[in-house]
Amino acid sequence: MPAAALREHGGDMTLLTATRFENFGASHLAMLAIFVLGIWPVVALGRRVRDRPAAITVSRAYALLIPCFTIPLQVIDFLPGNYDLQTTLPLQLCDFAWIAAVVALWTHRRTPVALTYYWGLALTTQALITPALVNDLPDPKFIAYWAMHLLIVWAAIFLTWGLGFHPTWRDYRRTVAITSTWAAAVFCFNVAVGTNYGFLNRKPGTSILDLLGPWPLYVVVEIALVCGVWALMTWPWERSRVTEVEPVVARE
């Protein structure tokens, strides 16, 4: 159903029309298409500059691009009329993932690179498939959501298949520990103020989590699935090291 909103600007009242977002509607499919179409250029760019001085320049330019989209739009989210305690605070894992992606792209250090790989490819992609959105374009939250999530996943692809940074079991264990710390802290925050960041305290109603049973069972199942998927994401790279030398090693 179309929803009409009035916004005052310079003394005039402008009628803005916001359409309710629908999973796998026209805008959702368009954003998924943009995501798929962007994969190969990202990989090709990374491979073109791999092992060259230009890799630092390109990677840092990408790092600067991410906050150019995320920070202004998150500021908009805090403006009167947009602020909502339930959704505005940057406590979702993706809010930390974009910061990890920026640090990974800028420094090429192992821990943020690993966080970008595991969080971006296993968790942020789920947010692309089942977005937790209310309004469609031209809602600023729609723009913020897709800009942040697409850039995170593309960063993980750029670093892994483009520049050649590959995870290890040590990276796996470190990521599990850091993610567990985030989950425990956000769960306690949710209990204290009545929010549901990370969907740790109740199901969102529009997610794959809805298929995993009631609370708290779905949280336990989710943890087991994520750890299992991350292990599968690590094993091929570790096995390949037995027969070949890794082309790029992230800094500690």
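Helix axes here are lines fitted to C-alpha atoms over the stretch in contact, and angles run from 0 to 180 degrees between N-to-C directions. The model you're looking at is predicted, so local features need pLDDT of at least 70 and side-chain atom pairs count only at pLDDT 80 or more, while totals for chains, interfaces and linings use all residues. Residues are numbered from 1 along each chain as its sequence is written, and side-chain values use heavy atoms, with hydrogens and water left out.

Let's start with α1 and α5. Helices (H or I, at least four residues) and strands (E, at least two) are DSSP runs, numbered from the N terminus. The axes of α1 and α5 lie 9 Å apart, at an angle of about 30°. Angles under 35 degrees count as roughly parallel, over 145 as roughly antiparallel, 65 to 115 as roughly perpendicular and the rest as oblique. This pair is therefore roughly parallel. Contact means heavy atoms within 4.5 Å. On the α1 side, the contact residues include Met31, Phe35 and Val42, and on the α5 side they include Trp146, Trp154 and Trp161. By class, this contact has 15 nonpolar, 5 polar and 1 charged residues. Here Ala, Val, Leu, Ile, Met, Phe, Trp, Tyr, Cys and Pro count as nonpolar, Asp, Glu, Lys and Arg as charged, and the others, Gly among them, as polar.

Next, look at α4 (residues 110–129), starting with its contact with α3 (residues 93–107). Their axes come within 8 Å and cross at roughly 140°, which makes α3 oblique to α4. This crossing is left-handed. Among the residues in contact are Phe96 and Ala100 of α3, with Leu115 and Trp119 of α4. The α3 and α4 contact has 13 nonpolar residues, 3 polar ones and no charged ones.

Now turn to α4 and α6. Their axes come within 9 Å and cross at roughly 75°, so α4 is roughly perpendicular to α6. Leu115 and Trp119 turn up again on the α4 side, along with Arg110, and the α6 side includes Asp171, Arg174 and Ile178. The classes here are 6 nonpolar, 3 polar and 3 charged.

On a 1 Å grid over the protein atoms alone, a cavity is a set of points where a 1.4 Å probe fits but cannot get out, and lining residues have an atom within 4 Å of a point. The second largest cavity has a volume of about 40 Å³, a volume being the space filled by probe spheres set on the points, which are joined across faces, edges and corners. Its lining is made of Leu73, Ile76, Asp77, Asn82, Pro140, Lys141 and Ala144, with α2 (54–77) and α5 (140–162) each giving two or more residues. That lining divides into 4 nonpolar, 1 polar and 2 charged residues.

Finally, two loops have some backbone details to spot. Phe24 sits in the loop between β2 (12–19) and α1 (26–49), and has a positive phi of about 65° although it isn't a glycine. In the loop between α6 (169–193) and α7 (217–240) you'll find Pro216, joined to Trp215 by a cis peptide bond with omega of about 0°.

Technical notes. Left-handed = near helix turned anticlockwise from the far one by under 90°. 1 Å grid on protein atoms, 1.4 Å probe; cavity = no way out; pocket = protein on both sides within 12 Å on 5 of 7 lines; lining within 4 Å.
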